[in-house]
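Please read the following points with the sequence and the model side by side. They are meant as a colleague's careful note for someone new to protein structures.

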Amino acid sequence: MAGTKADTRVVIVGAGPVGMVCALALNRRGISVTVFEQEPAPVEDQRAASLHPSTLEMLDQVGVTEKILPLGLVSSAYRFHDRVTNAVVAEFDLSLMRDEFQYPFVLQYEQYKLTASIAAEYANASDFDVRFSHNLTGLTEHADGVDVEVSSPAGLQRLRAAYVIGCDGGRSTVRKLAGIEFEGFTYPERFIKIATSFDFGTVNPKVAFRNYFSDPDEWCNLFKVQGKRPPGLWRAIFPIQADEDDETVLAPDRIEQRLQKFFPKNGRYDVEYVNVYGAHQRVAASFRNGRVLLAGDSAHVNNPIGGMGMNGGIHDGINLAEKLARVIHGEAGDDLLDLYSRQRRHAAVKYVQTQTIANKRLMEERDPAVRKSNFDELRRIAENAESAKGYMRRAALYDSLREAAAVP
């Protein structure tokens, strides 16, 4: 680490979107960063892809948004459907927020592309150092820093950092080494994501780029992303029944059956990829233990309905970078990092956890009377301009940011 100050360098574990955004935000504030990633190269994981308006504003602060806008799909409207009747229950149009939102739309841009965009442009210097195939194995905290131990192709390595930030996912090694509890629960069912090049938008006028289909037996989320080539890909997410094992779920005929049940068509679907994953609702007991901090999935995980996980994680990273830079530059005491923990944990518990749990219940509700009541309420909200705007502020996480900022 020649030419840098070891006593002010921050180590970030995990080169996903949260880790890379946090690293960029710190580096823009004059902080040297080293990012350790256990994978041998950037992973094209087909996970989150929706960047909300609030997140686009934050990414604009670090010079990213205008560069990625031409690379993603701009989606101003999202729709809730009743899969049983094939009716559109409600539509929310973010273009109505143009007087409030700098970016009155969601950008559909896969998270692996966001990570690659940042790495390609910025992560090639001694003060922004990204190292793949580096697996964290130990942390030892001292009064003036943290000794970090990693295994790498060159063998065991050790270095001293001022602070360590865990952005290494739901199974976070950083969180475990720091002894921070991960409170919450795991859903008994799993989800399956199926990506197809079949263009639902050209054959079904009721479909927007972002769709939520409520069904008491098998709900579905349907989103369009750019993929790697025109005309893009549609991602369909379904729940998996508890009695279905991976062999059954991943069998080509079973995948085809799910898609044909969702939208019958002549001929088989062209399937690009399939992912099966579990879902959790968990929040770390604290986002800080001394000089070790957590952000993103390391600090909180939730089900994917509403696209809040990556967005909430990026909000963590930007909030933390601003506060940590002030501490390292001597502009504030390190108690400011406790404020980070309180603010972002509040946002995770009160907004992201609460909203995603409610979203799942709305999608899977079985009682006909409750379903009707839920749909009637959703229509009422969508049909009134003021209540619709309030709903969109919450869904885009503006309310969570405002209330978190007020946490003392």
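1. Glu-183 is partly exposed, at a relative accessible area of 41%, where buried means under 20% relative accessible area, exposed over 50%, and partly exposed in between, with a 1.4 Å probe and protein chains only. This glutamate forms a salt bridge with Arg-345, the closest N and O atoms being 3.1 Å apart; a salt bridge here is a side-chain nitrogen of Lys or Arg within 4 Å of a carboxyl oxygen of Asp or Glu. Because Glu-183 lies in strand S13 (residues 182–196) and Arg-345 in helix H10 (residues 336–364), the pair ties together parts that are 162 residues apart in sequence. Helices (H or I, at least four residues) and strands (E, at least two) are DSSP runs, numbered from the N terminus. Arg-345 counts as partly exposed, at 23% relative accessibility.

2. The structure is a predicted model, in which local features need pLDDT of at least 70 and side-chain atom pairs count only at pLDDT 80 or more, while totals for chains, interfaces and linings use all residues. Residues are numbered from 1 along each chain as its sequence is written, and side-chain values use heavy atoms, with hydrogens and water left out.

3. The structure holds 32 salt bridges. In one of them Asp-215 is joined to Arg-83, with the closest N and O atoms 3.8 Å apart, and this pair links distant parts of the chain, since Asp-215 sits in the loop between S14 and strand S15 (220–225) and Arg-83 in the loop between S5 and S6, 132 residues apart. Asp-215 counts as buried at 9% relative accessibility, and Arg-83 is buried too, with a relative accessible area of 13%.

4. Which strands lie at the edges of the open sheet? The sheet has 8 strands in the order S6-S5-S14-S15-S16-S13-S17-S20, with mixed pairing, and its edge strands are S6 (87–93) and S20 (300–301), each pairing on one side only. Two strands pair if DSSP finds at least two bridges between them. Strand S5 (residues 77–82) and strand S14 (residues 210–214) pair in the parallel sense over 5 bridges, and Asp-82 has Ser-214 as its bridge partner in S14.

5. The largest nonpolar core has 74 residues, and those with the most contacts inside it include Phe-128 and Val-148; such a core is a set of buried Ala, Val, Leu, Ile, Met, Phe, Trp, Tyr and Cys residues joined through side-chain atoms within 4.5 Å. Its largest share, 9 residues, comes from helix H9 (residues 309–328).
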